[in-house]
Amino acid sequence: MTLRQRLCSRAEPLLAQVRAHPFWTGLCDGTLQPESLWHFAEQDFRFTVPAYARALARTAAVARRPEQGALLAGAAGATFESLSRMSRELDVLADRFGTPEPAGGISPTTLAHTSFLTAVSTASLAAAIGGLLPMTWFHQQVCVDLRRRLVPGTRYTDWIAQYRPGDGFDGYVEAYLALIDDFAATASEAELALLEDSFLHGAYYELAFCEAAWQLQSWAGTTSERNS
């Protein structure tokens, strides 16, 4: 079993929870409250995506081979460039659904997630490529599921269409996974263990992020009573 296969196997239970989460289910059938989508999109735009782009750039700087550095640096650049599109998407959400009351800046989960991205990207190459993989791989897998489950004509159809990555993203994910397997070929057992641990921690944050949006998480502890 290759390292990528082992990672995918270990993450599958978490990915199943992400797919089944009421945030994504509600997005597909249109029942999600607009405030939850705004929370998700704003936290992503203001905090998570910029932190991810910076983490990719730092990781590119310590890549062992030029082509790997080029892959990660290119991904960092594309991620930074996506912020202008995300800003426009927030404007569209605001025009259609109104702007919710401000949640007080970065949420606890987003702060923890972005701190994790910074930490792994400054720790070691093993920690970095493992910890950053879930944002790429889970995004791909969630978007495949969104395409399959989307109820046509619901109020979030347009947002889902722009959220799905464009041409070339699948090739990038495959190249990233190839980088993982290439690293594994010469890595020590300690490096492999660190990579896997970082990967799983990153995967947990993917689940926590959609849960925070679903609960409208804020520092004040003001969350919707979704299950009451």
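**View 1. Crossing of α6 and α8.** α6 passes α8 in a left-handed crossing, the near helix being turned anticlockwise from the far one by less than a right angle. This is a predicted model, in which local features need pLDDT of at least 70, side-chain atom pairs count only at pLDDT 80 or more, and totals for chains, interfaces and linings use all residues. Residues are numbered from 1 along each chain as its sequence is written, and side-chain values use heavy atoms, with hydrogens and water left out. The axes of the two helices come within 10 Å and cross at roughly 150°; α6 and α8 are therefore roughly antiparallel (angles over 145 degrees).

**View 2. Contact between α6 and α8.** Among the α6 residues that meet α8 are L125, I129, W137 and H139, and their partners in α8 include F169, Y172, Y176 and F183. Contact means heavy atoms within 4.5 Å. By class, this contact has 15 nonpolar, 3 polar and 1 charged residues.

**View 3. The largest pocket.** The volume of the largest pocket is about 850 Å³. A pocket is an open set of points on a 1 Å grid where a 1.4 Å probe fits, with protein on both sides within 12 Å along at least five of seven lines; lining residues have an atom within 4 Å of a point. Of the 38 lining residues, V49, S82, R85, H139 and F169 are the closest to the pocket centre.

**View 4. Lining of the largest pocket.** α4 gives the largest share of the lining, 10 residues. The lining comprises 22 nonpolar, 10 polar and 6 charged residues.

Notes:
Points joined across faces, edges and corners; volume = space filled by probe spheres on them. Helix = DSSP H or I, 4+ residues; strand = E, 2+ residues; numbered from the N terminus. Nonpolar A, V, L, I, M, F, W, Y, C, P; charged D, E, K, R; others polar. Axes fitted to C-alpha atoms, helices over the stretch in contact; angles between N-to-C directions. Parallel < 35°, antiparallel > 145°, perpendicular 65-115°, else oblique.
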